[in-house]
Amino acid sequence: MHAPLQVDVAGRALAVVERDGAHDPATGRVLTGSWLWDSALVLTSHLASAEPSQLLGATVLELGAGTGLPGIAAVACLGAARCVLTDVRPLLPGLRANAEANGLDAAQADVRELRWGEEHDLVMLDREVPCVDVVLMSDVFYDPEEMPAMAATLRRLWRDGTVCWAASEVRCGVQDCVDVLRDEGLDVAEVDRVARPLLRDPMQNADFAVYRIELRRSREG
């Protein structure tokens with residue numbers, strides 16, 4: 001485990017603990033969600049500067065949370081009532097560690113496994129988190145084949161008034177992922193684009209996009 005990174009959000013320093021050694025048990029591959037990535041910083045900054053009123057008193061759920069910075073910041077700094085931090089099982093200890101490092105108890109930060117499109121996980125989530133106001137996602141647009149399962153998960157989470165924000169580095173394959181989500185009945189609109197030095201290579205800049213995602217309502221009559 002590395003020394004915690006410090007991230008300033010709305011005037012408060014948040015700690016982000018990165019843990020080595022989390023692997024996919026099926027493939028043995030290292031899970032990149034163990035580390036903080038730039039898209040999470042971009043999304044958190046966008047929420048703090050452009051969307052703070054949307055978070056007041058909200059229940060926020062983060063999909064593919066990784067280290068959980070956007071969801072934790074929503075509660076610790078931006079007025080949300082509760083965050084539900086979800087990812088695959090090997091990443092859950094890191095999410096719990098980050099919630100605790102920033103003073104959030106279990107009532108404020110619910111850490112749970114959620115595999116996209118998995119019915120058992122979705123049934124449990126429906127039962128225990130019946131209303132989600134805001135969904136957050138960062139750096140999850142990397143494999144178009146995963147997008148139908150993500151879209152199915154978003155549809156199950158959606159209630160009247162739910163909104164989703166996502167951030168991604170602008171790179172090959174992202175537009176393909178966005179196109180699949182649109183084909184699956186979601187409206188995806190790019191609302192911001194920023195260029196910033198990379199966290200792990202400050203001499204190199206990259207472009208990042210922030211998206212607002214909503215469930216497309218069928219038109220009748």
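Predicted model: local features only at pLDDT ≥ 70, side-chain atom pairs only at ≥ 80, totals over all residues.
How many disulfides does the count come to? Zero, taking a disulfide as a pair of cysteine sulfur atoms within 2.5 Å.

Residues are numbered from 1 along each chain as its sequence is written, and side-chain values use heavy atoms, with hydrogens and water left out.

**View 1. Seven strands make an open sheet.** Going across, the order is E5-E4-E3-E6-E7-E9-E8, and the pairing is mixed. Strands here are DSSP runs of E with at least two residues, helices are runs of H or I with at least four, and both are numbered from the N terminus. Two strands pair if DSSP finds at least two bridges between them. At the edges sit strand E5 (109-113) and strand E8 (186-198), each pairing on one side only. From one strand to the next, the twist averages 20 degrees.

**View 2. Strand E9 (residues 201-215) pairs with E8.** Twelve bridges link E8 and E9, in the antiparallel sense. A hairpin takes the chain from E8 to E9 through two residues. Look for arginine 196 opposite alanine 206 in E9, and for proline 197 opposite asparagine 205 in E9.

**View 3. E9 also pairs with strand E7 (residues 163-169).** This pairing is antiparallel too, over six bridges. Here alanine 167 faces valine 210 in E9.

View 4. Axes are lines fitted to C-alpha atoms, for helices over the stretch in contact, with angles from 0 to 180 degrees between N-to-C directions.

**View 5. Aspartate 110 and arginine 112 meet in a salt bridge.** A salt bridge is a side-chain nitrogen of Lys or Arg within 4 Å of a carboxyl oxygen of Asp or Glu. For this pair, the N to O distance is 3.0 Å. Both aspartate 110 and arginine 112 are buried (buried means under 20% relative accessible area, exposed over 50%, partly exposed in between, with a 1.4 Å probe and protein chains only). The whole structure holds 18 salt bridges.

**View 6. A salt bridge joins arginine 156 to aspartate 126.** Their closest N and O atoms are 2.8 Å apart. Arginine 156 lies in helix H6 (residues 147-157) and aspartate 126 in helix H5 (residues 119-128), so the pair ties together parts that are 30 residues apart in sequence. Arginine 156 is partly exposed, at 27% relative accessible area, and so is aspartate 126, at 26%.

View 7. Cysteine 164 is buried, with a relative accessible area of 0%.
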